[in-house]
Amino acid sequence: MKLDFKFPYSVYWALFFVFVGIWIAPLVNVSEPKEEDHSLHYTHDHSMSHEKYEVDPSNAPKLELELLKDTKSGWNLILHTGNFEFAPEKVNQSNEPNQGHAHLYVNGEKITRLYSHYFYLSDFPSGEHEIVVNLNTNDHSEYSVNGEIVKATIKLIQAENKEKR
């Protein structure tokens with residue numbers, strides 16, 4: 001037995017399947033979007049609210065910031081840390097004492113995670129800007145000492161044509 005499909009029958013079958021698809025589409029259950037994946041920094045909450053990870057003051061990590069005008073454009077942010085080791089390979093894993101990464105905030109908005117002592121910032125709009133860096137554990141908790149977050153703040157003043165700190 002040989003089946004011979006001619007052109008008009010192919011069109012009929014195609015239309016049949018389109019109508020069947022239109023008919024059953026409303027019956028298909030589409031699930032709600034899942035909660036944002038925290039591992040993709042740019043998709044999660046950019047506020048400054050993470051759990052605190054309290055450490056003893058005698059063994060606490062330390063942080064100071066230095067901001068240098070780049071010779072071409074922008075700014076070079078340098079993190080001077082004490083008793084702290086950047087561990088990007090351990091992000092989102094269990095905490096280990098005095099290891100982790102940092103979170104960079106500009107004017108209260110989280111910009112990125114930092115995995116080293118150096119970060120380049122592009123030029124800003126004219127005016128004063130607040131740069132804040134927090135030290136965080138592997139699971140993103142904020143290191144704190146006596147309830148105070150281990151962080152450093154520096155002001156950046158971007159002039160119209162001449163930048164200064």
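Close-up 1. Y53 is partly exposed, and its relative accessible area comes to 27%. Keep in mind that this is a predicted model. Y143 is another tyrosine to look for: it is buried, with a relative accessible area of 0%.

**Close-up 2. F84 and Y143 meet edge-to-face.** Here the ring centres of F84 and Y143 are 6.1 Å apart. The planes of these two rings stand at 90°, so the pair counts as edge-to-face. F84 belongs to the loop between β3 (75–82) and β4 (85–86), while Y143 is part of strand β9, so this pair ties together parts that are 59 residues apart in sequence. Buried or exposed, what are F84 and Y143? Both of them are buried.

**Close-up 3. Counting the ring pairs, then Y53 with Y143.** How many aromatic pairs are there? The count is 3 aromatic pairs. One of them joins Y53 and Y143, and this pair is edge-to-face, at 5.5 Å centre to centre with 85° between the planes. It's a link between distant parts of the chain: Y53 sits in strand β1 (residues 52–54) and Y143 in strand β9 (residues 142–145), 90 residues apart.

**Close-up 4. Four rings in one cluster.** Which residues do the ring pairs link into a cluster? They are Y53, F84, F86 and Y143.

Note on methods. Residues numbered from 1 in each chain as written. Predicted model: local features only at pLDDT ≥ 70, side-chain atom pairs only at ≥ 80, totals over all residues. Heavy atoms only, no water. Phe/Tyr/Trp six-rings, centres within 6.5 Å; stacked < 30°, edge-to-face > 60°. Helix = DSSP H or I, 4+ residues; strand = E, 2+ residues; numbered from the N terminus. Buried < 20%, exposed > 50% of the residue type's maximum accessible area, 1.4 Å probe, protein only.
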